Amino acid sequence: MKTQRSIHLRIFAALIAAVAVIAVSAQTQTKRRITPVETPATMTQTINEARNDSARIIAARIARSTHYHDEQGRTVYVDTVTGEQWMDSTALLPVVKMKYPLFDAASVSVDVWDPLMRAFGQKYGLFGAGVELSLHNRYKPVFELGLGQASNTPSGNNFTYRSPMSVFFRIGMNYNFLYNSSPDYQFYGGVRYGFSSFKYSVDNVTIDGSYWDETATFNIPSQTSTVGWFELVFGLRVKLWGPLSAGWAFKYHTILHETAVGNGQPWYIPGYGSRNASVTGSFSFTYTFSLSKMNKHKADEVITSDVEPSAASQETTEAAD
């Protein structure tokens with residue numbers, strides 16, 4: 001009997017212990033749900049866990065950044081908050097290889113736009129020519145030189161504008177958008193800086209006096225002016241035959257600086273044209289020279305022997321003897 005009573009007591013004690021554990025567990029879970037404990041450690045836990053997570057960091061920076069691609073095909077991000085620039089090495093674009101060598105060609109051009117326009121009644125302009133260096137058939141430094149002259153008596157006006165023959169030049173760069181295509185067809189954009197120092201005069205200026213019914217005539221003597229301007233160019237060039245090609249271009253230009261004169265601004269600027277016209281054009285014939293021989297070539301023969309050339313030649317001589 002005592003043994004059975006002892007067993008019953010043990011079972012009862014175990015049941016009470018189990019109930020107590022379940023009650024404590026339920027109470028603990030209820031408290032955690034109702035009153036969560038927040039400490040500085042728990043508040044910064046997520047930040048600390050993500051501190052070394054490069055994927056999250058990159059994603060966060062990309063979200064607040066704008067981007068562009070440089071010439072090497074790399075994606076460059078600009079942080080819109082701090083202005084900092086950085087590159088995502090996981091987002092590289094394939095780099096386009098240059099199909100043509102560094103020193104690809106050189107060209108000489110003759111601009112016949114002004115002679116053609118003068119044949120149709122234009123009162124200014126003479127002649128222009130230029131040289132161009134083709135780098136990879138992509139970047140093309142340009143230097144242009146020419147002569148300009150004007151003699152014009154505008155219809156309905158009482159004066160004659162004259163500008164003797166003067167030199168002008170332009171220097172700049174073209175960019176061929178079809179650089180990996182055939183050089184026979186080119187579409188390009190470019191910029192120029194133009195400059196000219198020239199003289200001009202205004203003759204036979206007539207003033208009618210309606211009150212006294214008299215007429216006065218005078219001249220504005222020769223003056224010297226120096227003008228610099230900027231040009232934006234877009235053009236096409238196509239092959240005609242062999243090294244000869246033809247092309248036309250449209251130009252937008254604006255005056256950057258000029259010499260102040262006392263009797264008014266010049267109406268005509270050599271190389272620029274009429275100062276009141278912001279858009280003009282050109283039509284050119286171009287002769288192209290290949291520069292492929294200027295580029296480095298691989299050696300035709302490769303020495304694979306470990307023996308120095310002098311020692312090898314000496315051994316060959318001794319064997320012959």
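A contact means heavy atoms within 4.5 Å. In the protein chain of this predicted model, residues 24 or more positions apart account for 60% of the contacts with a separation of 6 or more.

Residues are numbered from 1 along each chain as its sequence is written. Because the model is predicted, local features need pLDDT of at least 70, side-chain atom pairs count only at pLDDT 80 or more, and totals for chains, interfaces and linings use all residues; side-chain values use heavy atoms, without hydrogens and water.

The protein chain has 6 helices and 13 strands (DSSP runs: helices H or I of at least four residues, strands E of at least two, numbered from the N terminus). Of its 321 residues, 27% are buried (under 20% relative accessible area, with a 1.4 Å probe and protein chains only).

The whole structure holds 6 salt bridges (a side-chain nitrogen of Lys or Arg within 4 Å of a carboxyl oxygen of Asp or Glu). Among them are these:

| Pair | N to O distance |
|---|---|
| Glu132 and Arg237 | 3.1 Å |
| Glu144 and Arg192 | 3.6 Å |
| Arg170 and Glu231 | 3.9 Å |

Glu132 and Arg237 meet in a salt bridge. Glu132 sits in strand S5 (residues 127-135) and Arg237 in strand S9 (residues 214-241), so the pair ties together parts 105 residues apart in sequence. Glu132 is buried at 10% relative accessibility. Arg237 is buried, with a relative accessible area of 10%.

Glu144 and Arg192 are both buried. Arg170 is buried, as is Glu231. A network of salt bridges links Glu144, Arg170, Arg192 and Glu231.

Note on methods:
Buried means under 20% relative accessible area, exposed over 50%, partly exposed in between (1.4 Å probe, protein chains only).
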